[in-house]
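Morning, everyone. I have one structure to walk through today. Please look at the picture first, then follow along.

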Amino acid sequence: MQSPGEPRRRRSLTVIDGAMSMILVLLVLQMWLLTATLESYLAGHRGVATPAAILSGILFLGCLGLYGFVHGADRAAR
Amino acid sequence: MSQSGDPSAGDGQPVWREEFAIRTADERYVARRQFTKFMVLTSVGMFVGNLSILIKSWLWRRPQYAPQVVAGASELPVGGVKLFTYPTEKDRCILVRLAEDQFVAYSQKCTHLSCAVYFSAEAGRFECPCHEGFFRAADGAVLQGPPQRPLPRIVLEMAGDQLVATGVDLQEEG
């Protein structure tokens with residue numbers, strides 16, 4: 001028998017899955033950014049370090065925001 | 001029935017009960033939350049990595065190399081080539097006389113995968129035989145092929161009749 005909170009939980013799971021996918025995309029982007037920055041730095045191109053660090057920080061904040069969203073959705077579903 | 005633990009998790013349930021769910025749907029919640037936390041921690045790691053590169057680039061200072069006599073100016077004919085090492089014995093370089101009063105010297109390592117480049121007098125360019133990366137003789141810029149960066153230029157100065165290497169210019173943009 002289905003518990004009364006089951007449809008709401010299922011909806012929340014979908015929302016959480018979507019947020020997780022977005023975090024994953026941001027993470028892949030951040031990994032690429034780190035490798036590209038390291039490659040440039042080792043090649044002597046130091047000018048890219050500042051914009052790359054700023055962009056990486058923005059991506060991290062995006063991940064953090066999505067994590068907060070997941071946490072909130074999780075709590076609400078309970 | 002009395003409950004032990006912190007009842008602050010909502011619905012009067014202790015926090016630990018959330019992590020040991022009985023229902024399958026609840027268990028999925030926990031797994032997802034932990035995985036999300038792990039991904040955010042990885043993101044922190046990436047950010048710290050980028051920050052460390054930034055700090056290292058701030059602390060970086062241009063290295064100073066001792067001057068070194070490379071060749072006599074009259075030693076090379078126009079189009080002539082001389083190989084030498086600078087700034088250390090392991091750094092092979094190539095000196096070319098492009099015109100009567102124009103000498104250029106570059107690191108001989110291709111910026112793609114470090115194969116030795118050679119000077120093609122007919123084409124007036126440096127060529128890497130490994131993957132056909134070509135560089136302009138006048139400034140070391142990439143003309144074609146997989147290399148993404150120009151050849152590091154050896155800074156030359158004339159001291160009387162002698163060519164003296166005084167530094168290495170990586171020809172970086174930033």
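**Hairpins, core and interface**

Let's start in chain B. Strand 3 and strand 4 run antiparallel there, joined by 6 bridges. Strands pair if DSSP finds at least two bridges between them. Strands are DSSP runs of E, at least two residues, and helices are runs of H or I, at least four residues, both numbered from the N terminus.

Before I go on, two notes. This is a predicted model: local features need pLDDT of at least 70, side-chain atom pairs count only at pLDDT 80 or more, and totals for chains, interfaces and linings use all residues. Residues are numbered from 1 along each chain as its sequence is written, while chains are lettered from A and ligands numbered from 1 in the order in which they are written.

Back to the hairpin. 2 residues link strand 3 to strand 4 of chain B. Across that pair, B:Ile94 stands opposite B:Tyr106. On to strand 2 of chain B, which is antiparallel to strand 3 with 5 bridges. This hairpin connects through 6 residues. Here B:Leu83 stands opposite B:Ile94. The loop between strand 2 (81-85) and strand 3 (92-99) holds B:Pro87. A cis peptide bond, omega about 0°, joins B:Tyr86 to B:Pro87.

Now the inside. Which residues have the most contacts inside the largest nonpolar core? They are B:Ile94, B:Ala105 and B:Tyr106, in a core of 22 residues. Strands 1 (68-72), 3, 4, 6 and 10 (162-169) of chain B each supply at least two of its residues. Strand 3 of chain B gives the most, with 4. Apart from that core lies another, of 14 residues, including A:Ile16 and A:Ala73. The terms: a nonpolar core is a set of buried Ala, Val, Leu, Ile, Met, Phe, Trp, Tyr and Cys residues joined through C-beta atoms within 7 Å. Buried is 20 or more other C-beta atoms within 10 Å of a residue's own, exposed is 12 or fewer, partly exposed is in between, and C-beta atoms are placed from the backbone.

Next, the open sheet. It has 4 strands of chain B, in the order 5-6-7-8, with antiparallel pairing. Strand 5 and strand 8 (142-144) of chain B are at the edges with a single partner strand each, so one side of each has no neighbour in the sheet. Strands 6 and 7 of chain B pair over 4 bridges. In that pair, B:Glu127 faces B:Phe134 of strand 7.

B:Ser114 is not a glycine, yet its phi is positive, near 70°. B:Glu132, also not a glycine, has a positive phi of about 55°. B:Glu132 sits in the loop between strand 6 (125-128) and strand 7 (133-136) of chain B. Buried or exposed, B:Glu132? Exposed, with 12 C-beta neighbours inside 10 Å.

Last, chain A. It has 2 helices and 0 strands. Of its 78 residues, 29% are buried. How many residues of chain B are in contact with chain A? The count is 27, against 36 residues of chain A. Contact is C-beta atoms, placed from the backbone, within 7 Å. The chain B side has 13 nonpolar, 8 polar and 6 charged residues. Nonpolar is Ala, Val, Leu, Ile, Met, Phe, Trp, Tyr, Cys and Pro; charged is Asp, Glu, Lys and Arg; the others, Gly among them, are polar.

That's it from me. Thanks.

How values were computed:
Contact = placed C-beta atoms within 7 Å.
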